[in-house]
Amino acid sequence: MRKRAEVLARLEARRDKVLAELHPLLRARVTELLDLMDGRVSPWCGYRGPADQLAALEAGNSRARFGESPHNFRPALACDVVLHPARVHARPHPDDVESPDLWADESEDALATWAALDHAAERVGLDRVSFMRRGVLVTDLPHLQLPGWRSLIPH
């Protein structure tokens, strides 16, 4: 029970920090999306620096090197969200002992939440990303980005 309280406190502490890192247009759309999702997801990652991008790449959580991801710019042009364990019944992800429940995508409630996120993202004008993995089209479940983000990169 204590671990769950720690995770919830960590989520709350990250929310404002992550939203502050986002491009103003992205921040407005993510805020609207969070309202539509009724607290079932929470912002987890906005800006991702060189070390964090390398760690994400090496862990298989990203396919991009630093400078190739919309997370790598200030303000950030992408935002990852996680399932909120107080609002979504999800099993802990076996590969993420630091953040139980946050990335799980196999429970019925988690799958329904990810599907609702697709609809909410479309409604507020955010892009989702899909890619081929071992011949199967896979959606990057937590990832949201501004359409045409490359045109917004500060030069």
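Leaving aside neighbours within four places in sequence, which residues is H84 in contact with? They are L8, L11, E12, G39, R40, V41 and S42, where contact means heavy atoms within 4.5 Å. Before going further, a word on what you're looking at: this is a predicted model, in which local features need pLDDT of at least 70 and side-chain atom pairs count only at pLDDT 80 or more, while totals for chains, interfaces and linings use all residues. Residues are numbered from 1 along each chain as its sequence is written, and side-chain values use heavy atoms, with hydrogens and water left out.

Back to H84, then. You'll find H84 in the loop between β2 and α4; helices (H or I, at least four residues) and strands (E, at least two) are DSSP runs, numbered from the N terminus. With 12% relative accessibility, H84 counts as buried. The cut-offs here are under 20% relative accessible area for buried and over 50% for exposed, with partly exposed in between (1.4 Å probe, protein chains only). H84 and V7 are 77 residues apart along the chain, yet their C-alpha atoms are separated by 9.5 Å.

Now for the greasy part. Nonpolar side chains tend to be buried together in soluble globular proteins. Here the largest nonpolar core has 28 residues, and V30, L33, V41, L117 and L126 have the most contacts inside it. (A nonpolar core is a set of buried Ala, Val, Leu, Ile, Met, Phe, Trp, Tyr and Cys residues joined through side-chain atoms within 4.5 Å.) At least two residues of this core come from each of α1 (2-21), α2, β2 and α4 (108-124), and α4 gives the most, with 6 residues. If you click on V30, look for L19, L22, C79 and L126, its contacts once neighbours within four places in sequence are set aside.

The buried residues of α4 are A110, T113, W114, L117, A120, A121 and V124. Looking down the axis of α4, you see these buried residues fall within an arc of 125 degrees, so they line one face of the helix; the arc is that of the directions from the helix axis to the C-beta atoms. An α-helix has 3.6 residues a turn, so residues three or four places apart point the same way. The cover over the buried residues of α4 includes α2, β1, β2 and β5 (143-145). On the other side of α4, E108, H119, E122 and R123 are exposed. Just after α4 comes G125, with a positive phi of about 85 degrees.

Over in strand β5 sits Q145, which counts as buried at 10% relative accessibility. Not counting residues up to four places away in sequence, Q145 touches P70, L77, A78, L126, D127 and V129.

R74 and P75 are joined by a cis peptide bond, with omega about -5 degrees, and P75 is in the loop between α3 (50-58) and β2 (78-83). D38 isn't a glycine but has a positive phi of about 55 degrees; look for D38 in the loop between α2 (24-36) and β1 (41-45).
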